[in-house]
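Here is a short report for a reader who is new to this structure. Take a look at the model before reading on.

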Amino acid sequence: FYVTTPIYYVNGEPHAGHAYTTIVADALARYHRLKGNDVFFLTGVDEHGANIHKAAENSGLSPQAYCDKMAPIFIKLWKRLNISNDIFMRTTSDMHKRGAEKFLTALYDSGDVYKGSYEGHYCRPCERFVPEKELTDEKLCPIHKLPLEWLEEENYFFRLSKYQDRLLAHFHENPDFVYPAARRNELLSILDSGLEDISISRSSVSWGISLPFDPEHIVYVWIEALMNYMTALGYETDSEQYRTFWPADVHTMAKDITRFHALIWPAMLMAANLPLPKQVVAHGFLTKDGEALSKTRGICHRYGLVPSKPTDWMRSVIISCANLVSETMAITVRIVWHARYNADLANDLGNLLNRVLGLVNKNFEGIPEPTTSGEFDNEITAMAQTTAEKLDEHISACAFDVALETIWEFVRRINRYVQQTQVWTLAKPETKPRMGTILYNSLEALRFISVLISPFVPDTAEKIQKQIGLTEFDTVAEWGRLPVGLTVSRGEPIFPRVDVKKQKQKQPKEAAQPKQKKAKDFQKLDLRVARILSAEPIEGADRLLKLQVDLGTEKRQMVAGIAEHYKPEALVGKQVIIVANLEPATIRNVESHGMILAGSGDSVVLATLETEMPLGTQVR
């Protein structure tokens, strides 16, 4: 399995948009390794072209010295984010230069490269001529919104127009070649309107790779950059690695560069009689307040790409925003700074691990043997299997956010399993075998969860397995593999809670008023959408109703003090918001598993929804 990110321009430091693409590609690579596939994962930097030359001049450095300064910044960041790339490709490397020259020769030998003059509107940040059909009345670059300049130059051209019909046929024969459908439809629209031949060289640029058939010309940087996907594998020597992994299984990128990857790159490969990549996956922009994060200064520092923040926190935030079908993946400050971290990692997963390990250490010498089955056990085992199956489906659909949420649903179910069985009450000799079985199942679920989350938050996955006693990381998502008798540890919490009050982010004065003393406690609540299935009075309690509610993955019994304000029959079918992570309570001899949200004043009014939502949806 061969997956790539784009190679990133070194005329600026990496930003959150780069991190987004790279983390998603890394999760994909790790997932396929987990499935037993032989994986090659490429990322790197694009070091040629006029923009790099200009940035070097502004820095007072030669182009090569500038690139040698910038490339390590990307390498350091990817290391910090635990990116598992097999190669970090630099286009100034000799391997790339030799491979590019070989490909350019093959392209020239195809007969589809010719010399001509070009005049048109040029965007220097894009380093491309903007076709007439893309021009606005203001003559602005459609991407950078900057004024275009008129440029006349002698260039070499590639007959892209010749491959229009072949490209169209390929799109129709391979409907998943470009994903998602919105990107595919955009490119089909371009194909239907007709392709024009493209310039593949520059005579006014000196920093780049010379054309092997005309050293007076430098290959256009975008044409050269595409070749890295093959040169990194050893294309110039037809290496075993190249023969094993080419064509690429997935090129991942942001949506603004799909034209190069899904039209120009395949056409050039057709001309050179080489296999085409199997899929081009293009995501929308990562945004905050409607602005692409790539345009926001200091974003890497503000959003956690600093040593003081856990690496897996940043990875989980990015993945939880990653649905490649979306046009944009909007991040709110609330999600980035605290909610995902505190709710999913610190509360749901971290507290579950600490709680179960504490009970095992207190009551057993090691991991107990599961000898006494009981209620909910089969449900837990079945959910483990269905979670793994759903994960396959979501990853295949590039719905990484849904994939991660599917795992968190299983985590929350194990938390409820611990509560429902009241395992902490079973330490008596006659019930201790049952206690041991519940704790074994909980630890095995944690091992299972650690396997599933390892592509997304690998550090956390390893910490979980070490704390439950495994010395080597178990990558197999099959139930029942956890050995009995292992000595578990009770280390530091894998995700200490983030205290909002201690953060140094400056907030507007008006946002700080009024003070809410219980804001920290509120963050601990797991709020879920549920539907009331039935309601009935509780004998001897005029104010109380016994409710049965559906959370989508389970049904619960709850007690609510709303009998004076709602008739039981009027409640049936209502969608409400419940607090789902409270300890069970017994009220008037009726067990209650949660609490319904309501506002109170002269009367009590349930917190309901304006429109229907899927049951179990988390309210933030």
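## Salt bridges

This is a predicted model. It holds 23 salt bridges.

| Pair | N to O distance |
|---|---|
| Arg33 and Asp86 | 3.3 Å |
| Lys162 and Asp112 | 3.0 Å |
| Arg481 and Asp474 | 3.1 Å |

Start with Arg33 and Asp86, whose side chains meet in a salt bridge. Arg33 belongs to helix α1, residues 16–34, while Asp86 sits in the loop between α3 (63–80) and β3 (87–90). The pair therefore ties together parts that are 53 residues apart in sequence. Arg33 has a relative accessible area of 29%, so it is partly exposed. Asp86 is partly exposed too, at 41% relative accessibility.

Lys162 forms a salt bridge with Asp112. This pair also links distant parts of the chain, 50 residues apart. Lys162 lies in the loop between β6 (149–158) and α5 (164–173). Asp112 lies in the loop between α4 (94–109) and β4 (113–123). Is Asp112 buried or exposed? Its relative accessibility is 3%, so Asp112 counts as buried.

Arg481 and Asp474 meet through their side chains. Arg481 is partly exposed, at 39% relative accessibility. Asp474 is buried, with a relative accessible area of 11%. The cut-off for buried is under 20% relative accessible area.

Salt bridges can also join into a network. Glu405, Arg412, Asp526 and Arg528 are linked in this way.

## Helix α3

Now turn to α3. It has 18 residues, which should span 26 Å at 1.5 Å a residue. The end C-alpha atoms of α3 are 26 Å apart, so the two values agree.

Which residues of α3 are buried? They are Pro63, Tyr66, Cys67, Met70, Ala71, Phe74, Leu77 and Trp78. These residues cover an arc of only 125° around the axis, so they lie on the same side of α3. A general rule of helix geometry fits here. An α-helix has 3.6 residues a turn, so residues three or four places apart point the same way.

What do the buried residues of α3 pack against? Their partners are β1 (2–9), α1, β2 (40–46), α2 (50–59) and β3. The face turned away from the buried side carries the exposed residues Lys76 and Lys79.

After α3 comes Asn82. The phi of Asn82 is positive, near 60°.

## Cysteines

How many disulfides are there? The count comes to zero, where a disulfide needs two cysteine sulfur atoms within 2.5 Å. Cys67, one of the buried residues of α3, has a relative accessible area of 0%. Cys398 also counts as buried, at 6% relative accessibility.

## A three-stranded sheet

Three strands form it, in the order β9-β11-β10. The pairing is antiparallel. Strands of a sheet pair through backbone hydrogen bonds, either parallel or antiparallel.

Which strands stand at the edges? They are β9 (201–202) and β10 (210–211). Each has a single partner strand, so one side of each is left without a neighbour in the sheet.

Strand β11 covers residues 214–219. Two bridges join β9 to β11, and these strands run antiparallel. Ser201 stands opposite Val219 in β11.

Definitions and conventions
Residues are numbered from 1 along each chain as its sequence is written. This is a predicted model: local features need pLDDT of at least 70, side-chain atom pairs count only at pLDDT 80 or more; totals for chains, interfaces and linings use all residues. Side-chain values use heavy atoms; hydrogens and water are left out. A salt bridge is a side-chain nitrogen of Lys or Arg within 4 Å of a carboxyl oxygen of Asp or Glu. Helices (H or I, at least four residues) and strands (E, at least two) are DSSP runs, numbered from the N terminus. Buried means under 20% relative accessible area, exposed over 50%, partly exposed in between (1.4 Å probe, protein chains only). The expected span of a helix is 1.5 Å times one less than its number of residues. The arc is that of the directions from the helix axis to the C-beta atoms. Contact means heavy atoms within 4.5 Å. Two strands pair if DSSP finds at least two bridges between them.
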